[in-house]
Amino acid sequence: EDYTMLQKVFNPTAFNAKEWVSIAKNAGMQYITLITRHHDGFSNFNTKQSDWNIMNTPYGKDIVKQLADECHKQGIKIFFYYSLLDWYRTDYQWETGKTGKKAGRTLKSDWPSYVKFMKAQLTELLTNYGEVSGIWFDGHWDQLDNDHDKTLQSKVNWHYEEIYSLIHQLQPACLIGNNHHLSPIAGEDFQMFEKDLPGRNTTGFGGADISALPLETCETMNDAWGFNITDRNFKSSKQLIHYLVNAAGRNANFLLNVGPKPTGMIQQEFVDTLAKLGDWMKLNGKPVAIL
Amino acid sequence: MHILDKKDNNNFVFIPKYSEKVTKANLFGKGTSVTFKQVPEGLFIYLDGIKIDEVDTIIQLN
């Protein structure tokens with residue numbers, strides 16, 4: 001109830017897609033993975049499937065479209081992050097989810113309805129935004145008792161076969177990755193490791209076997225995924241370069257997270273560090289470029 | 001080969017079990033020739049005269 005009040009005030013007027021893409025490109029990045037919908041269920045795009053979206057805010061514009069268009073214009077690939085779990089919708093099987101317990105939901109879930117919702121949104125994303133180079137799924141782990149035991153079965157049927165098939169039918173070249181912290185499932189095109197280099201398990205939820213698929217590891221610039229004004233634990237450009245080199249040495253792409261400010265701008269500490277990474281990449285990027 | 005954090009004072013780096021034939025070694029970006037020695041146990045890269053970069057020293061092996 002408290003969180004939904006943000007919809008009335010969300011207004012990132014300083015968002016500038018050209019600036020974002022330029023910052024990424026100058027840093028030596030080759031693709032951007034944009035949040036289309038995160039665990040809060042809020043869609044950053046013009047979806048017809050739910051009113052809980054950016055068009056119903058004071059901002060009222062589709063930032064996914066703006067960023068996708070700018071990526072296509074500047075020749076950098078765009079991937080879409082899409083949350084499997086949802087803290088807002090009542091049709092999501094929240095009763096068995098590990099998270100979102102205090103969201104205030106009381107209505108019984110309706111799993112077929114939720115799967116239908118996801119497929120409809122993915123169809124929107126893959127038909128209204130031009131070429132999409134990948135879909136980055138996250139949240140499978142919500143329906144597991146824990147992340148350590150890799151043999152546990154999910155409490156829901158995620159319908160991956162039909163979802164992945166839908167994606168590949170709509171855009172055959174679109175790569176599918178899933179941050180389930182497991183070995184790849186049939187239909188996935190790359191394997192990702194969250195906050196760990198492939199093969200390592202410093203987080204406690206790593207440890208999946210390294211597959212033969214293309215690999216990716218993701219990490220934050222400070223400690224938080226989203227913008228956190230109190231999080232001053234910034235990684236230095238040296239630390240990030242070392243992470244990049246270690247990822248490349250393990251044949252993995254490095255997806256470096258940037259959590260923008262509520263204004264739509266990227267905080268100056270990140271901009272400065274990304275510029276330093278870009279300077280290094282201009283001289284030394286060739287040995288670490290994998291994509 | 002990337003030297004990220006050289007803690008010892010040795011004037012060489014040893015890559016154990018490196019069996020691929022190396023014919024040339026250069027400092028990446030500068031082209032400076034780097035001395036090396038390949039033995040059955042691995043590969044020695046000698047760093048005499050090589051400026052170690054505080055972030056990353058890249059030796060290109062061909």
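Which side chain makes a polar contact with the side chain of A:Glu188? The side chain of A:His180 does, at 3.0 Å. This and the other close-ups below come from a predicted model, in which local features need pLDDT of at least 70, side-chain atom pairs count only at pLDDT 80 or more, and totals for chains, interfaces and linings use all residues. Residues are numbered from 1 along each chain as its sequence is written, chains are lettered from A and ligands numbered from 1 in the order in which they are written, and side-chain values use heavy atoms, with hydrogens and water left out.

**View 1**
Helices (H or I, at least four residues) and strands (E, at least two) are DSSP runs, numbered from the N terminus. A:His180 has a relative accessible area of 1% and is buried. Buried means under 20% relative accessible area, exposed over 50%, and partly exposed in between (1.4 Å probe, protein chains only). Besides A:Glu188, a polar atom of the A:His180 side chain lies 3.0 Å from the backbone nitrogen of A:Leu182. A polar contact is a pair of N or O atoms within 3.5 Å; within protein, one must be able to donate a hydrogen and the other to accept it, and residues adjacent in sequence count only if both atoms are side-chain atoms. Leaving aside neighbours within four places in sequence, A:His180 is in contact (heavy atoms within 4.5 Å) with A:His140, A:Asp147, A:Ile185 and A:Glu188.

**View 2. A:His148 and A:Leu182 of chain A.**
A:His148 belongs to the loop between strand 3 and helix 4 of chain A. With a relative accessible area of 58%, A:His148 is exposed. A:His148 and A:Leu182 are 34 residues apart in sequence, and their C-alpha atoms are 9.8 Å apart in space.

**View 3. Strands 3 and 4 of chain A run parallel.**
Strand 3 (residues 134-138) of chain A is joined to strand 4 of chain A by 5 bridges. Two strands pair if DSSP finds at least two bridges between them. A:Ile135 has A:Ile176 in strand 4 of chain A as its bridge partner. Of the 5 residues of strand 4 of chain A, 4 are buried, so this strand is largely enclosed by the rest of the structure.

**View 4. An open sheet of 3 strands in chain B.**
The strand order is 1-6-3, with antiparallel pairing. Strand 1 (2-3) and strand 3 (25-27) of chain B are the edge strands, each pairing on one side only. Strand 3 of chain B meets strand 6 (residues 57-61) of chain B through 3 bridges. One residue of strand 6 of chain B, B:Ile59, is the bridge partner of B:Leu27. Strands of a sheet pair through backbone hydrogen bonds, either parallel or antiparallel.

**View 5. Salt bridges in chain A and chain B.**
A salt bridge is a side-chain nitrogen of Lys or Arg within 4 Å of a carboxyl oxygen of Asp or Glu. By this rule, the count over all chains is 10 salt bridges. One of them joins the side chains of A:Lys119 and A:Glu162 (2.6 Å, N to O). A:Lys119 lies in helix 3 (residues 111-127) and A:Glu162 in helix 4 (residues 160-170) of chain A, so the pair ties together parts that are 43 residues apart in sequence. A:Lys119 is partly exposed at 24% relative accessible area, and A:Glu162 is partly exposed at 36%. Another salt bridge is formed by the side chains of A:Lys195 and A:Glu219 (2.6 Å, N to O). A:Lys195 lies in the loop between strand 5 and strand 6 (215-220) of chain A and A:Glu219 in strand 6 of chain A, so this pair ties together parts that are 24 residues apart in sequence. A:Glu219 is buried, with a relative accessible area of 9%. Salt bridges that share partners join A:Lys195, A:Glu219 and A:Lys235 into one network. In chain B, B:Asp5 forms a salt bridge with B:Lys7, with the closest N and O atoms 2.9 Å apart. B:Lys7 is exposed, at 73% relative accessibility.

**View 6. Where chain B touches chain A.**
Here 7 residues of chain B are in contact with 11 residues of chain A. The two chains bury about 770 Å² between them, 72% of it on carbon and sulfur atoms. Buried area is the accessible area (1.4 Å probe) that two parts lose on being put together, summed over both. B:Leu4, B:Phe28 and B:Val55 supply 57% of the area that chain B buries against chain A, more than any other three residues. Between the chains the count is 0 salt bridges and 3 residue pairs in polar contact (both at pLDDT 80 or more).
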